[in-house]
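Trainee: I have a protein model open. Please show me how to read it.

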Amino acid sequence: MSISIDGVVIREVTLAKDRTTLGRRAYNDIVVDNLAVSGEHAVLTLRGGDVQIEDLNSTNGTYVNAVAVQKRTLKDNDVIEVGGCRIHYRARSVAPAAGTPVQVVVGTESSAPIPLSAAPTESGALVELGVPVLRVLAGENAGHDLPLQKVVTTVGKPGVAVAVVTRRRQGYVAASVMGAVLLNGEPLGVEAVALHERDLLELGTLRLQFARV
């Protein structure tokens, strides 16, 4: 597989093993250095010419084509999302025999928590109607909106406070990753909590409001 960041291929990997692990810890076969990715997040299994992905009870889940999955046999052009990492699966035209390398393309949207200066559009800019945003009320980039277009969006500043906002079937949830994170004035823990219109997240001097535009 080709692993790329921001569209630039940084190394080539082939799924030649029966079991290929993916996660944040250094001992994984595929390491994704993102706080939204669990230490042992998912595993890719090569079996009988098919490749399966299985979520390893990760905190933020594993998604295939924007749908949360526990275990799924992959098809050509499937898009897997774990944390801020997007994996584009590319199957060969002929099903491979067991043990034959299978190529996929992995593209990470970010390998680290996303600073708000990198992603937001100006408040009032054209965005898809109904797309949820985090509106920056105070802190750097105040007055801007951060569209929640990815499955997992990481916000905050490492060393101060970091949180993740995750898209699920039933809506959006937020969880603390590190530091003192407040949701509507109350401490936010590592367990995901549903977000509602006008909910307020506070991470140090940063204040964000959940809204739909």
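Mentor: Start with one residue. Contact means heavy atoms within 4.5 Å. Leaving out residues up to four places away in sequence, Ser176 touches Val162, Ala163, Val181, Leu188, Gly189 and Val190. This is a predicted model: local features need pLDDT of at least 70, side-chain atom pairs count only at pLDDT 80 or more, and totals for chains, interfaces and linings use all residues. Numbering runs from 1 along each chain as its sequence is written, and side-chain values use heavy atoms, without hydrogens or water.

Trainee: Is Ser176 buried or exposed?

Mentor: Buried means under 20% relative accessible area, exposed over 50%, partly exposed in between (1.4 Å probe, protein chains only). Ser176 has 10%, so it is buried.

Trainee: In which strand is Ser176?

Mentor: Strands (E, at least two residues) are DSSP runs, numbered from the N terminus. Ser176 sits in strand 18, residues 171–179.

Trainee: How many residues of strand 5 are buried?

Mentor: Five of the six, in residues 42–47. Strand 5 is therefore largely enclosed by the rest of the structure.

Trainee: Which strand pairs with strand 5 over six bridges?

Mentor: Two strands pair if DSSP finds at least two bridges between them. Strand 6 (residues 50–55) is the partner, in the antiparallel sense. There, Thr45 has Gln52 as its bridge partner. Two residues lie between these strands in the hairpin, and Gly48 takes a positive phi near 60 degrees. Strand 3 (residues 19–23) also runs antiparallel to strand 5, joined by four bridges.
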